[in-house]
Amino acid sequence: MSQYNGDLQTKLEEAGQYDNPWDMARAQLDTVAEYLQLDAGVHARLRQPWRGLEMSLPVCMDDGTVRVFTGFRVQHCVARGPAKGGLRYHPDVTYDEVRALSMWMTWKTAVVGIPYGGGKGGIICNPRELSVGEQERLTRRFATEMAPVIGTEIDIPAPDVNTTPQMMAWFMDAYSQTVGQRTPAIVTGKPIVVGGSAGRVEATGEGVMYAVSQVAEDAGIDIEGARVAVQGFGNVGQYAARALVREHNATVIAVSDSRGGIYNRDGLDVEAVCDLKENGGSVCDYKDAESISNEGLLELECDILVPSALENQITGENAGNIKAKIVAEGANGPTTPAADRILFERGIIMIPDILANAGGVTVSYFEWLQGRSQEYWTLEEVTQRLAKIMRHASREVWAVHKREKVDMRTAAYILAVARVADALKATGVA
Ligand code: NAD
């Protein structure tokens, strides 16, 4: 594979220093392309999104005025299947962010080997400032404006930051009205009553557990009864913790949310903490534990650390103090490039986001399959299939990591870019 003698991992770390996400995504691609000695045409093709759309979205507000929002949808690559990726509603959404995220989705779907390309979309807005009616009209308008360029074999959106199953139901309904036929497979992350999949809510956290479980097995690390710390006890963090307790009899010693963290060296009652969160409380309301800061949690003596809150939590500053044997990125981008290097040199296994949290998009794929066939699967069926895909992908990334002597993030990129390039070559680049 490599006659290229540069230090790929160092170059990928340098690529990760760009502030602009699109510059970063392209620099990462350029580095891996050079390493793989990618065909120049394939590389050039992957440097550009296939299509990008900017939309003006007029919405009649509750007070009778009309406000025009800006929305984007980018389809990075469809060589391996239709574009797949979420819709994000946030005041800071930019076109560059959306196209970077669409490229990263291309790699994520390729790492786990599901037949999709990458896409992403967003609207510049703060949904908390919008009434439910305004959110509905905005989402419906978004679906209608996007309808000419999406389709069940073209591009299938999903929820992302600040978008909900309810919004996906509106999206599906507006699209269905526009094309004149009910089309559940146009979007995933829907409520179960309108064609959502069993197991979607748990999928990302469950997937984290399968990735950890498989990587530990390949690395020869026994995780039965492992001590676990989870930063960010939201959807991903809660289900990852529950799954590690269920499958590996783990002891969860610390969890946190935006208000702070809790720690008990003898273990927390995970279900009791989940109940607090479900009822709108914070993990800090849990009585049988000491408080700990979010930064302190990361440095605890534990076997498995699951950062599942925000970006840039494990940095060049604190990576030297991490004591876990395995770090599994439940969140997107919680580890900086400088920290990647330090963890690698200290022999800490870091399972990268594009592998560790790919359980969500994998069950989205199952939802799409079910929507197209109109045949719905049981939770057991979903779980079994998810386990198979996550374990297989984890074994593949581990094998590249060993063969190429690079960290698992670099290995995942090598695997993903090579897979997409092969698909482009097979279908013809130009
Ligand atoms: P969520 O909103 O359900 O949970 C996030 C949690 O992090 C909340 O408990 C919040 O209080 C906590 N938090 C916020 N700021 C924090 C801080 N400074 N320190 C510690 N905790 C903090 O979100 P989620 O769906 O669990 O997503 C979490 C991460 O996982 C995001 O990076 C997201 O992009 C990524 N992700 C989610 C999915 C999915 O299917 N939900 C899939 C792939 C990736």
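Predicted model: local features only at pLDDT ≥ 70, side-chain atom pairs only at ≥ 80, totals over all residues.
An oxygen atom of the ligand stands 2.7 Å from an N or O atom in the side chain of Thr204. Taken alone, the ligand exposes 840 Å², and the protein buries 69% of that; the areas come from the Shrake-Rupley method with a 1.4 Å probe, and for residues only the protein chains shown count as cover. Residues are numbered from 1 along each chain as its sequence is written, and side-chain values use heavy atoms, with hydrogens and water left out.

Let me stay with the ligand.

How many residues surround the ligand? There are 19, and the closest are Thr204, Asn235, Val236, Ser258 and Asn294; a residue is counted as near if one of its heavy atoms lies within 4 Å of the molecule. By type, this shell divides into 5 nonpolar, 11 polar and 3 charged residues. In that division, Ala, Val, Leu, Ile, Met, Phe, Trp, Tyr, Cys and Pro count as nonpolar, Asp, Glu, Lys and Arg as charged, and the others, Gly among them, as polar.

Which elements each supply at least two residues of the shell? They include α7 (200-219), α8 (235-248) and β7 (251-257). Helices (H or I, at least four residues) and strands (E, at least two) are DSSP runs, numbered from the N terminus.

I turn next to the salt bridges. Side chains of opposite charge can pair when their charged atoms come close. The rule used here asks for a side-chain nitrogen of Lys or Arg within 4 Å of a carboxyl oxygen of Asp or Glu, and by this rule the count comes to 27 salt bridges.

One of them joins the side chains of Arg73 and Asp155, at 2.6 Å from N to O. This pair links distant parts of the chain, with Arg73 in strand β2 (residues 66-77) and Asp155 in strand β5 (residues 155-159), 82 residues apart. Are these two residues buried or exposed? Both Arg73 and Asp155 are buried, where buried means under 20% relative accessible area, exposed over 50%, and partly exposed in between (1.4 Å probe, protein chains only).

Another salt bridge pairs Glu247 with Arg246, the closest N and O atoms being 3.0 Å apart. Here Glu247 is partly exposed, at a relative accessible area of 39%, and Arg246 is partly exposed as well, at 46%. A further bridge, 3.0 Å from N to O, connects the side chains of Arg403 and Glu404. Glu404 counts as buried because its relative accessibility is 16%.

Salt bridges that share partners also join Arg88, Glu97, Lys120 and Asp160 into one network. Within this network, Asp160 deserves a brief description. Asp160 is placed in the loop between β5 and α6 (165-179). The side chains of Asp160 and Arg88 make a polar contact at 2.5 Å. A polar contact is a pair of N or O atoms within 3.5 Å; within protein, one must be able to donate a hydrogen and the other to accept it, and residues adjacent in sequence count only if both atoms are side-chain atoms. Leaving aside neighbours within four places in sequence, Asp160 is in contact (heavy atoms within 4.5 Å) with Gly86, Leu87, Arg88 and Lys120.

Two loop residues have backbone angles to note. Asn249, in the loop between α8 and β7, has a phi near 55°, a positive value in a residue other than glycine. Asn249 is exposed, with a relative accessible area of 57%. Lys405 likewise has a positive phi of about 55° although it is not a glycine. Lys405 sits in the loop between α14 (379-404) and α15 and counts as exposed at 66% relative accessibility.

Finally, I come to two pairs of residues separated in sequence. Ala426, in helix α15 (residues 408-427), is exposed at 69% relative accessibility. Ala426 and Ala79 are 347 residues apart in sequence, and their C-alpha atoms are 9.1 Å apart in space. Thr315, in the loop between β10 (304-307) and β11 (326-328), is 23 residues from Ala338 in sequence and 6.4 Å from Ala338 in space, C-alpha to C-alpha. Not counting residues up to four places away in sequence, Thr315 touches Thr336 and Ala339.
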